[in-house]
Amino acid sequence: MEQEQLYKLMQSIFPEKRILTDLADRYSYSFDASFGEYLPDIVVQPSNKEEISKVIKLANEYKIPVYPRGSATSLSGGSLAVKGGIVLDMSQYKKKLIIDRENLLAIVSPSVITADIHKQAENVGLFYPSDPSSSHVSTIGGNLLENSSGPKGLKYGTTKEYVIGLEVVTPTGEIIRTGGKTVKNVTGYDLTRLIVGSEGTLGVVTEAILRLIPKPQARKTLLASFNRLIDSGHAITNILSAGILPSAMELMDNACIRAVENYEPSGLPIDAEAIVIIEIDGHMAAIEEEIKKCEEICRLHHAIEIKVATNEKERDSIWKARKMVSPAITQMGPTKISEDATVPRSQIPKMMEKLYEIREKYELNLVVFGHAGDGNLHPNIITDQRNKEEMKRVEDAVSEIFEAAVELGGTLSGEHGIGTLKAPYMEMELGKDGLLMMKKIKEAWDPNDILNPGKIFPQPGQSKVVLS
Ligand SMILES: Cc1cc2nc3c(=O)[nH]c(=O)nc-3n(C[C@H](O)[C@H](O)[C@H](O)COP(=O)(O)OP(=O)(O)OC[C@H]3O[C@@H](n4cnc5c(N)ncnc54)[C@H](O)[C@@H]3O)c2cc1C
């Protein structure tokens, strides 16, 4: 459809200032934190569910693709308008953040920044555990639709564990509610769980009811360095099998350690093959005992140095090293390809070995860090998108990373979703029939393929490429 005609249709729903048609405006909506650049025909900024319902009904009538978008920090191309059409900028949706202390709930609109939920909950002694590293910029809407998580996923699980109700505009424009405010609910199919993690392909979320838990009373943090990566792997599995469940267990390899020390020296041992950060939370008496046990296990597995933070300042300095990884490795080259293949935790040492083999084979700058306790590793390849020869090697290396994860009983993505980038690999993990069952759900919900088309499912002729 001509842009002018599309503009007229949107004018019947939105005031002029919430419709963006200029090339410069549309260009700023043409990318996210992954790769690829797709210019939408128009951007609209809904502020209520009725507007969204009207857009979607018109989109069905005229067969126009609609792409919901939060803060666009997706690392898998989730919100990109790969088929043109309309971008629904959900970041401007009216903000609502209510903490219901009696019922231990938060009622939120999709545009709320996740860190604001953390803050408001903690102000009243409650806790919303899901903690993607992007929580200061990403929206809860994006977190819900990607089923995001972070270091605390090890003990507390992912976003979906905390969503008990949703308000959703369906791909055909109806406004429905799923779940509710009760902790228990077994009435019919669990549509809440189906929509969480559906990457904006099964509905536009306009409100969510989140479960909160009491804030842990205390926490203890430890940093252990190892001369051999394999020893760190054994320490991790032994801590978990000793009946201790840390709230976080993060691993950084030597390349990460060196990158952080080059970027902002934090006193990390640059010759160590790996460091592991372990955090325990809970009752004061219990965490004292558990952190001692973690220390013992690390020593047993030849840790060369162990630091236990004795106050918040020391804790912050331990975590600062981990938080510096992303900015530090961004400095190492113009293009960073961030993967999140995940394996059963017992397979972490094998997966690390495989990653280093891939690094050698393709002669790439590959660094590894991640949430070691839950098997969610982040191999990052630092490269230069303009170097076509190297990019071919990157593509082959990424394919091998996915193959290795699936062969070890793991998955393509633990956090970042499938989007466009991992769609070609879906059959490898799910098999033909498994993928077909997912496709049938999409077709039943969205018969005109209006909502976020071109995501999750491999497109005809789509090759196994990293960059579009
Ligand atoms: C530096 C950095 C660190 C990161 N760290 C982590 C991490 O630790 N853990 C992690 O899991 N991810 C991480 N990410 C990835 C990203 O931040 C998450 O996927 C996040 O949840 C995306 O939120 P967003 O608001 O940016 O959503 P967007 O990127 O805008 O959208 C994400 C998906 O949600 C859909 N969507 C958004 N809002 C709605 C809505 N209201 N209704 C329907 N669909 C919607 C979009 O169509 C898209 O498919 C990181 C990204 C960056 C850049």
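**Entry 1: the record.** I started with UniProt, where an unreviewed entry lists residues 36-215 as "domain: FAD-binding PCMH-type". I then turned to the model itself, which is a predicted one. In it, the end C-alpha atoms of residues 36-215 are 40 Å apart. I also noted that this span is 22% helix and 24% strand.

**Entry 2: the domains.** Next I looked up how the protein chain is divided.

**Entry 3: where the ligand sits.** Which domains give residues to the shell around the ligand? Domain 1 and domain 2 both do, so the ligand lies between them. I counted 33 residues surrounding the ligand. The closest are P68, G70, T73, S134 and S149. By class, I found 19 polar, 10 nonpolar and four charged residues in this shell.

**Entry 4: polar atoms at the ligand.** For P68, a backbone N or O atom lies 2.6 Å from an oxygen atom of the ligand. G142 also brings a backbone N or O atom, at 3.3 Å from an oxygen atom of the ligand. With E415 I was looking at the side chain: one of its polar atoms lies 3.1 Å from a nitrogen atom of the ligand.

**Entry 5: cover and elements.** How much of the ligand does the protein bury? Taken alone, the ligand exposes 980 Å², and the protein buries 91% of that. Then I went through the elements that give two or more residues to the shell: they are strand 3 (66-69), helix 5 (140-146) and strand 10 (204-211). The largest share comes from helix 5, with five residues.

Technical notes. Residues numbered from 1 in each chain as written. Predicted model: local features only at pLDDT ≥ 70, side-chain atom pairs only at ≥ 80, totals over all residues. Heavy atoms only, no water. Near = heavy atom within 4 Å. Polar contact = N/O pair within 3.5 Å; in protein donor to acceptor, adjacent residues only side chain to side chain. Areas by Shrake-Rupley, 256 points an atom, 1.4 Å probe, with all protein chains shown as cover. Helix = DSSP H or I, 4+ residues; strand = E, 2+ residues; numbered from the N terminus. Nonpolar A, V, L, I, M, F, W, Y, C, P; charged D, E, K, R; others polar. Domains from an automatic or database assignment. UniProt positions renumbered as here; feature names shortened; annotations may be inferred.
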